[in-house]
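Visitor: I am new to this structure, and I would like to be taken through a few of its parts step by step.

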Amino acid sequence: MRAWVLGLALGTAGCSIATAAMAADQTGATPPATSPASTAPATPPAPVDPADGRLTLARVFGNPDLSGTQPRALRLSPDGTLLTSLRNRPDEKERFDLWAVDTRTGAERMLVDSKRVGTGAELTEAEKMQRERARIAGSKGIVDYDWSPDGKTILVPLDGDLYLATLDGQTRKLTQGAGGALNPVVSPRGQYVTYVRDQNLWAQPLSGGPAQPVTKGGGGTVHFGEAEFVAQEEMHRDTGYWWSPDESRIAVERFDEAPVHVFTRAAIGATGTKVYEQRYPAAGTPNAVVELFVMKPDGSGQVKVDLGPNPDIYLARVDWLPDGSALLVQRQTRDQKRMDVLRVDPATGRSTILFTEKSGEKSWLNLSDAYRVLKDGSLIWRSEKTGYGQLYRFAAGKWTPLTKGDWVVTSLVGVDQDKGRVYFLGNKDDVLEQQLYAVDIAKPNQITRLTERGYWNGATMDGSASRFIVSRSSPSQPTQVYLADATGKRLSWINENAIRPGHPYYPYLAHHRETQFGTIKAADGTTLYYEMITPKLEPGKTYPVFFQHYGGPGTGQQVTRGWQGALPQYLVDQGWIFFQIDNRGSYNRGKAFEDHIYHAMGTVEVEDQLAGANYLKTLPFVDPAKIATYGWSYGGYMSIKMLEKTPGVYAAAVSGAPVTDWQLYDTHYTERYLGDPAKDPASYSGSAAIADASKIRDPLLLIHGMADDNVFLDNSTAFAAEMQRTATPFEMMFYPGYTHRVAGPGISEHLWKTILNFLDREVKNRPAAVPAPEEGETPAAPAPAPATAQ
């Protein structure tokens with residue numbers, strides 16, 4: 001389960017920190033007038049700003065994006081002269097086009113206009129589901145692309161077909177009626193474009209000629225070249241095939257869903273209902289059977305990889321050694337307490353264990369992409385063996401720690417193998433900041449910070465480890481992007497995105513309120529971090545609280561020194577205090593902090609959110625009777641558990657797309673934290689939310705998309721039925737045709753009007769509590785209770 005919090009309703013992909021922004025007007029460059037593909041779409045008139053400069057919901061969700069342009073997939077060309085990205089349009093922020101910036105001159109231009117090139121064809125159901133897994137289901141136009149190795153062309157998937165774009169903006173269609181092309185890439189030496197169609201892997205020569213199937217056994221329940229459901233949803237593995245560096249072989253996953261239970265899922269839309277027989281691996285039920293083969297590009301010479309005698313494992317990661325002599329395969333056990341890294345001979349499929357990672361008895365192993373195979377055969381590897389994610393070098397069977405401490409390496413950015421220097425992101429200086437660091441392999445733990453304090457940073461690096469693309473944001477600054485050298489020195493702004501006249505957020509800057517950070521203690525003494533935004537406080541006045549939470553394990557933290565977007569500021573403009581806290585069980589604080597949630601979902605998270613509520617009630621400017629809480633997905637589950645376990649603490653709660661029975665959620669996520677339901681049924685019964693539904697005494701608004709293929713609508717209907725059976729009042733809003741992401745033009749505004757109308761009625765505008773009478777006084781008549789719809 002990837003995080004779906006406040007950002008979901010804003011139309012982002014469940015992420016607290018905005019992706020790198022690159023506004024078209026920041027470099028001062030003018031696109032060449034001679035190229036028809038280089039003309040930017042006309043900027044529409046900005047919505048009329050109110051005279052007082054305050055935000056409205058219509059403007060929060062309108063065009064252009066108040067955070068500035070929000071590009072994705074920033075990449076340097078193979079020669080480093082161009083920086084490409086997917087940039088959303090000022091008149092349609094959900095639609096993305098392909099842009100390029102010359103890193104030498106700053107000149108920028110649109111390379112592929114998605115409206116001009118695309119056909120607008122409807123996507124296949126398989127591609128729709130992939131986009132849902134990647135949290136880009138609401139995106140239109142171009143959602144990914146791939147540079148050719150020679151840097152002369154770019155592969156662009158668009159509306160189910162594949163196009164090859166040249167640097168002058170011309171495009172050539174590669175596929176004709178392909179019926180969807182999943183996971184397309186250009187091969188390492190540029191001879192082929194490969195993609196998945198009709199559950200088989202296909203290869204098309206770029207020199208000309210039709211596409212040919214690499215595999216021929218796909219169909220029915222059998223898939224080649226794709227990642228199975230849990231790999232996409234929970235393991236952050238989105239592909240099922242891997243080219244060798246010299247293009248002589250391809251490693252291809254085959255999975256068979258025949259053992260996976262079939263759930264009948266109704267996608268209820270506004271004009272009708274479609275019924276899908278979806279194979280969904282719920283906790284405690286069989287997974288797909290996954291196998292790995294190595295073959296030549298024409299499909300001949302197939303060799304099956306030995307993944308061991310137990311078929312009930314997870315294929316976590318697959319990588320080729322730089323010289324193509326072997327594969328490295330990460331094999332994870334079903335209980336996720338053991339990870340074997342296998343070295344595989346591609347000629348025979350024979351595997352040997354290179355090394356093994358194990359978790360503690362009451363813990364699990366987190367998967368990571370923070371590793372790199374070096375030319376000398378050694379490995380840079382992130383491990384949590386000390387209790388914190390740190391980097392090691394593994395060579396000749398020996399482990400050398402490169403970093404250490406009670407902080408977390410969050411990702412590996414690059415390795416300069418000639419200089420022996422490793423670049424990574426982490427929170428060494430401040431748990432609320434992500435910074436870019438460097439360490440020399442020859443000088444372990446002598447760490448240099450390369451980015452500026454006060455920001456949450458992201459970074460990517462070119463293949464030669466000479467330059468970074470750094471994206472950063474702060475609570476008062478939407479994401480900026482700059483080009484830096486290997487020392488971290490900024491060479492040039494790619495997008496300064498400063499909030500100055502002309503920036504979409506500038507008219508509202510005068511009312512922007514500062515984010516405050518602080519800590520409180522959990523019941524066991526653990527330090528918990530919170531953030532709070534308040535209106536301008538008036539002496540003697542108290543304010544209601546919009547208390548947001550996510551609370552779930554396995555995802556990034558929510559409380560950071562990063563840009564939160566405009567919606568929290570709108571809430572503050574409406575008189576709410578915005579507050580959130582990261583509870584035990586969440587990520588980036590070390591394994592001991594996470595492990596509190598092991599076989600204990602719905603316990604420590606609720607306790608820590610209660611600690612936050614109790615802290616708020618000590619503040620003189622908080623109305624202790626008007627604390628509303630809101631969460632989506634795991635946060636929606638938390639909303640229900642918080643009302644069930646702590647009645648009377650929260651004035652009302654909003655629960656979006658909640659899991660109410662963890663036996664309805666998938667294997668890899670749920671079993672990681674709760675184990676096998678057949679072996680530990682108590683963990684599942686204790687974590688479930690349905691049985692205690694009648695304990696809820698506070699107002700609740702339940703929200704769900706009626707076509708959700710991740711957290712099935714059954715979770716909410718089962719919970720609603722129990723509330724109704726026990727005559728427990730609540731309110732409900734379901735969205736026809738929407739999946740786990742309820743967002744988009746019109747819908748986002750409707751969703752938040754629904755939420756805020758409910759909270760205004762039940763919390764904000766409720767009569768103030770009547771103080772206890774002095775001795776001898778006649779008590780005042782109680783105020784009438786607000787109406788609650790069922």
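Visitor: In the hairpin of S22 and S23, which residue takes a positive phi near 60 degrees?
Guide: This is a predicted model, and in it strand S22 (residues 327-333) runs antiparallel to S23, with six bridges joining the two. The hairpin that they form has four residues between the strands, and the residue there with a positive phi near 60 degrees is Gln336.

Visitor: In S23, what is the bridge partner of Leu328?
Guide: S22 and S23 are joined by six bridges. For Leu328, the bridge partner in S23 is Arg343.

Visitor: How many residues of strand S23 are buried?
Guide: Strand S23 covers residues 338-344, and besides its pairing with S22 it is joined by seven bridges to strand S24 (residues 351-358), the two running antiparallel. One of these pairings sets Asp340 against Thr356 in S24. The strand S23 is mostly covered, and of its seven residues the number buried is five.

Visitor: Which residue takes a positive phi near 85 degrees in the hairpin of S23 and S24?
Guide: That hairpin has six residues between the strands, and the residue with this positive phi is Gly349.

Visitor: Is H8 roughly parallel or roughly perpendicular to H9?
Guide: The axes of helix H8 (residues 604-616) and helix H9 (residues 634-645) come within 10 Å and cross at roughly 75 degrees. Angles of 65 to 115 degrees count as roughly perpendicular, and therefore H8 is, relative to H9, roughly perpendicular.

Visitor: Which residues in H8 meet H9?
Guide: On the H9 side the contact includes Tyr634 and Met638, and the residues of the whole contact divide into five nonpolar, one polar and three charged. On the H8 side, the residues are Glu605, Val606 and Gln609.

Terms used:
Residues are numbered from 1 along each chain as its sequence is written. This is a predicted model: local features need pLDDT of at least 70, side-chain atom pairs count only at pLDDT 80 or more; totals for chains, interfaces and linings use all residues. Side-chain values use heavy atoms; hydrogens and water are left out. Axes are lines fitted to C-alpha atoms, for helices over the stretch in contact, and angles run from 0 to 180 degrees between N-to-C directions. Angles under 35 degrees count as roughly parallel, over 145 as roughly antiparallel, 65 to 115 as roughly perpendicular and the rest as oblique. Contact means heavy atoms within 4.5 Å. Ala, Val, Leu, Ile, Met, Phe, Trp, Tyr, Cys and Pro count as nonpolar, Asp, Glu, Lys and Arg as charged, and the others, Gly among them, as polar. Buried means under 20% relative accessible area, exposed over 50%, partly exposed in between (1.4 Å probe, protein chains only). Two strands pair if DSSP finds at least two bridges between them.
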